[in-house]
Amino acid sequence: MIPPIANRFVAGETAAKALDHVRELNDRGIKAIVNLLGEHHDDRAAVREDAREYRLLASDIAATDFDACISVKPSQLGLDLGNDVFREEVTAIVDTAATEDVFVWIDMEDHTTTDVTLDTFEELARKHADGGHSDGRGSSSDQESGAGVCVQANLKRTRADVERLADIPGKVRFVKGAYDEPADIAYKDKARVDHEYETLLEYAFEEYDDGIAVGSHDPVMIDRAIELHDEHGTPFEIQMLTGVREDAQMELTAEYDVWQYTPYGDRWKSYFYRRAMERKENLRFAVRAIVGR
Ligand code: FAD
């Protein structure tokens, strides 16, 4: 069982618990991106098991008719065992989910995975582009299935990737980047990463017709995205994590499309540790939960 200390960041250990959480979110007007926790599987059986769970999850989401999609990690789907393993598993998930009208995000891991992740995304996004969008970006209003990918502002290559993605259907999630990358390929200074993030948003709101997801808790970046949306009219969605700035999620959902990234599963310890360590408030919350005050 997940202790109360980790409950804030993780929806539960089972898909049923995650779907209960999705129902509560949907009741409050927030949509859900469901993720089964797990990464760097080096065993084919574990990869198959998680891939199977994602396919079942897509069917469950379709059966409940929730406003929800799923998000997968390449190394959870066998990337460490070979690019072909990842391609095979993610393709089966996106194909199955598409038959159920469920959208699939592909998370971005460290820089060694960027090329294969983007190439695989491109194949899937083109395959699942709905009629009329095959030579351009998909529309979030009519694109209920298919694939999206994440790009990281801390990587120096990302501007070029974002320009490449402008011609590919499917959605793009913009994040600052969670991995500690080498200085020759990544910006290390936080202010520089923030600047890059803003510049990427400016490009996307100008050049993309649709399909922009702002994956950030940063009020400055969210305000900037809203300004850009007002200026260009480009639709967008805001994505935040379970347990982080939930008040802001509630406020924003009155006017904008808000999606909450909802992790679940029994591999919650390392995920919880990351959330607790990334900010002082989270760490204080964890300590208070332990000492009971
Ligand atoms: P930061 O730059 O960390 O902080 C900026 C400001 O945001 C802070 O000053 C504060 O005002 C506010 N803020 C941030 N965190 C908190 C908090 N915990 N509590 C209160 N206020 C806060 N990274 C990847 O590399 N690959 C992925 O696939 C990926 N997917 C993601 C999906 C989603 C939905 C989200 C939200 C993030 C994802 N990330 C991913 C993580 C991302 O790269 C960042 O590491 C993470 O979001 C922190 O950056 P930030 O923009 O949220 O805010």
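Two strands are taken as paired if DSSP finds at least two bridges between them; helices (H or I, at least four residues) and strands (E, at least two) are DSSP runs, numbered from the N terminus. The model is predicted, so that local features need pLDDT of at least 70 and side-chain atom pairs count only at pLDDT 80 or more, while totals for chains, interfaces and linings use all residues. Residues are numbered from 1 along each chain as its sequence is written, and side-chain values use heavy atoms, with hydrogens and water left out.

Strand β8 (residues 257–264) pairs with β1 in the parallel sense over 6 bridges, and Lys 31 has Trp 259 of β8 as its bridge partner. Strand β7 also runs parallel to β8, joined by 5 bridges; here Met 240 is partnered by Gln 260. Of the 8 residues of β8, 7 are buried, so this strand is largely enclosed by the rest of the structure. Buried means under 20% relative accessible area, exposed over 50%, and partly exposed in between (1.4 Å probe, protein chains only).

Salt bridges, defined by a side-chain nitrogen of Lys or Arg within 4 Å of a carboxyl oxygen of Asp or Glu, number 24. Arg 44 forms one with Glu 89, with 2.7 Å between the closest N and O atoms. Because Arg 44 lies in helix α3 and Glu 89 in helix α4 (residues 83–99), this pair ties together parts that are 45 residues apart in sequence. Arg 44 is partly exposed at 22% relative accessibility, whereas Glu 89 is buried at 6%. In the salt bridge between Arg 157 and Asp 115, the closest N and O atoms are 2.8 Å apart. Arg 157 lies in the loop between β4 (146–152) and α6 (158–165) and Asp 115 in helix α5 (residues 114–127), so the pair ties together parts 42 residues apart in sequence. Arg 224 and Glu 227 form a salt bridge at 2.6 Å between the closest N and O atoms; both lie in helix α8, 3 residues apart, about one turn of the helix. A network of salt bridges links Asp 119, Glu 122, Arg 126 and Arg 164.

Two residues other than glycine have positive phi values. His 40, with phi of about 50°, is found in the loop between β1 (31–36) and α3 (44–64). Arg 245, with phi near 50°, is placed in the loop between β7 (236–241) and α9 (246–253).
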